[in-house]
Amino acid sequence: MESMISNGRYTPGHMKKIREKAAGKLFKQRPSVEQKVMMSPVSLKWQQEGRLDFHDVLPDGFAARYSKELLVIDAHADQLLNKFVDQVEAGLSQRRGQLNAILYVSDMIQRAFGGLGRKVPEAFQKRIVDLNLRQGDSLLIGELMSGATAGFLGSGMCRHRSLLFKYVVRRLKVCESAAISGVIVPNDCENVSQFRRDNGFADHAWNIVRLNGQNYLLDIMNTPHELQSLNSADGEKVQMKVQGTSYVYYRFDGGSGISLAYSPGAEESSETQTETESLDSEDDLELDPDCYLPQGSGAGEVFCNTTRRAEEILQLQTVGPAGHVMVKFDLRMQGRTWQARKTVHETALRNAP
């Protein structure tokens, strides 16, 4: 099945199976690669879901498998990474306000990774060749930064930028951030597979940052000095214009945003947190493919793929388009508790015996 855009949602189709097959083949050939990915629940989540939520913390040793490299973020082994973080921290001391801090970190990352434009992918390909990496070889993220070797100006792709941003802003306590992967295609695109074949690109990664209680999209590969609101009238259809063409962001099995709502600062507290914001964001109303009502639950439980278990429903409410209901439940991970909101089909309630 082709990768498609339908009703404002991106469905990866056969591309997901292709990637899973490629990963399985590499893991079979090089078991050590699979071990590194499986070592951290956060690494595994990125591998399986292509997204890291606000509460997810990139641990030292985080590993992400790609076709060109096994990307590793590890402060214990990467002095170039530590040097970069120290530089960012020093610069932050001269910035006032959270917005300025967020955009400063974004700017520092795009500079370290070779700036903007078509030269970056070419420089990245050359860097992989120069490092003599075989498929599955570990690549410390610092090796992609400017100054890693004499005369090297940096060459980080969107995936490197989004993951490094999430790592840095959490380490330096700048803001809450999520890392998202998906595609960016023209506004009128329906067949993503065909667009990818015709243009040679579509796949993309970006961040969602929380500022003053609102979520914003940050694309460090294309617009590192701009936060795009996720609370506009048309909801998830966040667009970027390039030479007169509007490109739209779509995450896997959804729109551009993030579907789970967590309390600000939840990852910094061991106490139970609760979500009190009202359901006024389009992101809250988007049907979430990672959530469903098990048959026979009587609307008492919701199955959540994030925790991979059934959770007790605390509140159920009709929302948005006809046939949609919002379920609220406690989500417990890594010894902490958040209150999650997800939207599912109301028909699932009616079909439950």
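Cys189 counts as buried because its relative accessibility is 11%. Cys158 is likewise counted as buried, at 13% relative accessibility. Buried here means under 20% relative accessible area, exposed means over 50%, and partly exposed lies in between (1.4 Å probe, protein chains only). The structure holds zero disulfides, a disulfide being a pair of cysteine sulfur atoms within 2.5 Å.

The model is predicted: local features need pLDDT of at least 70, side-chain atom pairs count only at pLDDT 80 or more, and totals for chains, interfaces and linings use all residues. Residues are numbered from 1 along each chain as its sequence is written, and side-chain values use heavy atoms, with hydrogens and water left out.

The protein chain has 353 residues, and 54% of them are buried. It contains 10 helices and 17 strands. These are DSSP runs numbered from the N terminus (helices H or I, at least four residues; strands E, at least two). Of the contacts (heavy atoms within 4.5 Å) between residues at least 6 apart in sequence, 60% join residues at least 24 apart.

Helix α4 spans residues 79-92 and helix α5 spans residues 98-112. They pack at an angle of about 145 degrees, with axes 10 Å apart. Axes are lines fitted to C-alpha atoms, for helices over the stretch in contact, and angles run from 0 to 180 degrees between N-to-C directions. From α4, the contact draws on Phe84, Gln87, Val88, Gly91 and Leu92. Helix α5 supplies Ala101, Tyr104, Val105, Met108, Ile109 and Ala112.
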